[in-house]
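Hi everyone, thanks for coming. Let me put the structure up on the screen so that we can walk through it together.

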There are 4 protein chains.
Amino acid sequence: MQDVQNQIDNRNIPIDQVGVKDLTYPIVLLDRENEVQKTVASINMYVNLPHDFRGTHMSRFVEILNQHHHKLQIDSLDEVLLKMKRRLKAEEAHIEVFFPYFLEKSAPVSEAKSMMKYECSFTGNLREDLDFVLGVKVPVNTLCPCSKEISESGAHNQRSIISIKVRYNELIWIEELIEIAEQAASSPVYSLLKREDEKYVTEAAYDNPKFVEDVVRNLALTLNKDDRVYWYKVESENFESIHNHNAYALIEKDKRENPDDCL
Amino acid sequence: MQDVQNQIDNRNIPIDQVGVKDLTYPIVLLDRENEVQKTVASINMYVNLPHDFRGTHMSRFVEILNQHHHKLQIDSLDEVLLKMKRRLKAEEAHIEVFFPYFLEKSAPVSEAKSMMKYECSFTGNLREDLDFVLGVKVPVNTLCPCSKEISESGAHNQRSIISIKVRYNELIWIEELIEIAEQAASSPVYSLLKREDEKYVTEAAYDNPKFVEDVVRNLALTLNKDDRVYWYKVESENFESIHNHNAYALIEKDKRENPDDCL
Amino acid sequence: MQDVQNQIDNRNIPIDQVGVKDLTYPIVLLDRENEVQKTVASINMYVNLPHDFRGTHMSRFVEILNQHHHKLQIDSLDEVLLKMKRRLKAEEAHIEVFFPYFLEKSAPVSEAKSMMKYECSFTGNLREDLDFVLGVKVPVNTLCPCSKEISESGAHNQRSIISIKVRYNELIWIEELIEIAEQAASSPVYSLLKREDEKYVTEAAYDNPKFVEDVVRNLALTLNKDDRVYWYKVESENFESIHNHNAYALIEKDKRENPDDCL
Amino acid sequence: MQDVQNQIDNRNIPIDQVGVKDLTYPIVLLDRENEVQKTVASINMYVNLPHDFRGTHMSRFVEILNQHHHKLQIDSLDEVLLKMKRRLKAEEAHIEVFFPYFLEKSAPVSEAKSMMKYECSFTGNLREDLDFVLGVKVPVNTLCPCSKEISESGAHNQRSIISIKVRYNELIWIEELIEIAEQAASSPVYSLLKREDEKYVTEAAYDNPKFVEDVVRNLALTLNKDDRVYWYKVESENFESIHNHNAYALIEKDKRENPDDCL
């Protein structure tokens, strides 16, 4: 059978990214307690395509994933990317892996345990060097300082989603980023709260009001001091309980003098 | 050209619903102030198909919509459904129209005006008689009575979505259902609130705590007393600010003794 | 602390469903090969609330889930529902579990293996008797018979999603429903196809054209003959490659003479 | 009342973007036929916040939008952004407007008319100079050249979404970008096709096979030759009819020698 993809292309136009998108696959990760966590990922895999080839070979992306999804650690991503470059004869390979990650969490007073889900992501890009970004999204509670200040009693509060993305030199656990996010907000949120916990969380949030601006600044303060992190992007989106739209803030920072170096 | 759809089908299996789904179309509605409102609808149109025909004629659904989308009132839906039955030689026709509907709303103290969006729906079914359901989804604020009662200060509150669906004998405006929803909650929400309004809304919600159960019961109380309404389904979903999941409640009621009659 | 939820309610309005919605939790299932499959579920759990209680106790839903998510089989759902009735003093309990389920699948010629994801659901309701519905959504290829018939060459085809929901008397595996769905379409779809497989699938679909109406009728034929199934609802939604909207068909059938009996 | 937002902030951390997100608002646009088109937009509005202020004033974003949504042309966006900078005392203002846009389209043979929806976007950023990006998403049909070549008859084809984003020096209409997208694919798609049109579209696509790589290269060829365009990003995502995942390709190009200049 003819290999149409291998035909010479005369349009003289290289393609930045070509590949498979929104492939859902079961994956296995390590978690901090050194046990494996099985979860489900949505995966995008792309390579560049030089100007003189008509098409890439889409089935090879899935073949490579097949060899690795049983142990898709952060530190095996470079191996996946290297195989993508080789098998697809590309100069650059790119992978994005989005997955829910679960932690057991204890309620603040009763210590009742339950599972909390965090949407996480690995993004890897390999040309000569590997560029890797770790991402987490953490649901939290934010209570409005202005509403508290101007009102006789009460204050509007809401669920917010904090997003942290980092590039780093030394291992950072997903669990650490979740803790950083929860400490930047008015309060963590939980799957299971008994009455004494609900009292605690309500009062803790009321005593700890945070604008969306405060949240991203607190995240920035913590990550500025963390020498393992050389780049970050932090966002908070507050699903305002008094509006039908959201409040949003973003800070992005590259600590490197020369952005081609790692610190 | 052969009309494959018109072939005789020997499988002897009638089809309950067949047609087009997720067709996005511009539509024009009347609003209570008697002016037209142009908006954008996602539309599903189905008919039944008798056991002896192989296929329906999908293009006719879109042709009928073309004739009516410039004036798609509640009271013209029966005409659309009648055309569907005739053109597609069906015994039953069904249409679902989902659209954002905008109202100008004044902030409670400053009276600053802004537009609020409400997701609404028309659902019509015509066999012999027309069955019509009007639906609205209204974002509101709910403040937790338990959290208020047990906490020294503050109370968790959040954005909630109230859904009301009604069957009725006499005209009910979308605007009336929105008001009923807002009165059942701790407070309405707004697109634009100045500082004095934020104080008002915060205090109003704190003085008016509502469980998700209270919300649907208040909706039911109001609709029980409204003689125009002979059937309703009310729901509230609270995007809990202390959890990453939602609280939910539903009441459905048919006031008719014999569900084949209208009251 | 006061138990606000336990207060007497004088509005005299019972609530049909109240509980937690969109709780994401890791779950463990059995698969046909008798090995466990770990996946991630979105879960809704509701009970009814008698007219005289003000609120339900939301944390108990999560406590019950905590005891069962490590082994959430179809045949343990009644135990979960029974606990919900008891712990929440309700007459009726309801659970909905939505989860991706993975099967290893072989390409039709090369037999190259890859994982395919199917969105599945368990829905259980317990008043006196247990009512249980098993659901699967299966992506397939459909090729239009009319387009094939009237065109010199080629025929439009597209990805479609078949949905099957069944009530049954004797065990049916998710895997069986997936096979039934794939046989009703023009061709199955795969995560990994080599060139010889792509040729096979293209030709198989071209030789096996199916309207959306044909798909649901073929599903109905198969399920009519399956004595284990006493109720089904089958749907197909074709993401038409020549339109920006979808073609849709539905058949629902209850085989019981008296719908209060199981066959 | 105290202006908490105006408090001095000592954390010494400037914020890149802060504002309102996912605000749905009715807007009015010009279309090429010089008539107005009323539609519904999802809007994000952000400014930067210097390190020494604690918070921005969220209500002012909505006040500015209120003054402009009745005529939100491309060429009035700079006015909106200028007001955002002034009212919020910011050095940089940013707006993103996402909206469905409708065109009347004639079927290729019968010339039957119907409305087609295209998801469009305006993105504006104003520091000293205005940076503006126009975006459209165009559903099309793509037919696989490899599948056609290797198969006895037929070829898999599917709905694809082409995305074009451009920066330009001279006015480009949304309508022009839609035409460019449709010409790069195997065939346009339509809301209404009679039988003779379906034959035409099926055969046209079969005679015009395109890989996802061909689509983005054809887009690039056209935009390379268009002197009004000085930057573009083109993407195609094909909802493969033989897989449950998508094929994807991207080309981004800046034609300027010095990216701080406009051509």
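First, some ground rules. This is a predicted model, where local features need pLDDT of at least 70 and side-chain atom pairs count only at pLDDT 80 or more, while totals for chains, interfaces and linings use all residues. Residues are numbered from 1 along each chain as its sequence is written, chains are lettered from A and ligands numbered from 1 in the order in which they are written, and side-chain values use heavy atoms, with hydrogens and water left out.

Let's begin with chains D and A.

Now turn to chains B and A. Each side brings 36 residues to the contact: 36 from chain B and 36 from chain A. Together they bury about 3100 Å², 51% of it on carbon and sulfur atoms; buried area is the accessible area (1.4 Å probe) that two parts lose on being put together, summed over both. B:Arg159, B:Ile242 and B:Asn244 supply 22% of the area that chain B buries against chain A, more than any other three residues.

How many salt bridges cross the interface of chain B and chain A? The rule finds 0, a salt bridge being a side-chain nitrogen of Lys or Arg within 4 Å of a carboxyl oxygen of Asp or Glu.

Next, a helix in chain D. Helix α6 (residues 212-225) has 14 residues and reaches 21 Å from its first C-alpha to its last, close to the 20 Å expected at 1.5 Å a residue. Helices here are DSSP runs (H or I, at least four residues), strands likewise (E, at least two), numbered from the N terminus, and the expected span is 1.5 Å times one less than the number of residues. Of the 14 residues of α6(D), 10 are buried, so the helix is largely enclosed by the rest of the structure. Buried means under 20% relative accessible area, exposed over 50%, and partly exposed in between (1.4 Å probe, protein chains only). Among the buried ones are D:Asp214 and D:Arg217.

Those two come back in a network of salt bridges, which links A:Asp9, A:Arg11, A:Arg54, D:Asp214 and D:Arg217. Within it, the side chains of A:Asp9 and A:Arg11 meet at 2.6 Å, N to O. A:Asp9 is buried at 6%, whereas A:Arg11 is partly exposed at 21%.

Over all chains, the search finds 64 salt bridges. Another one joins B:Arg228 to B:Glu176, with the closest N and O atoms 3.0 Å apart. B:Arg228 is in the loop between α6 (212-225) and β8 (229-238) of chain B and B:Glu176 in helix α4 (residues 174-184), so the pair ties together parts 52 residues apart in sequence. Both residues are buried.

Finally, two single residues. A:Ser163 lies in strand β6 (residues 157-168) of chain A and is buried, at 7% relative accessibility. C:Ala204, in helix α5 (residues 195-206) of chain C, is partly exposed at 25%.

Note on methods
Contact means heavy atoms within 4.5 Å.
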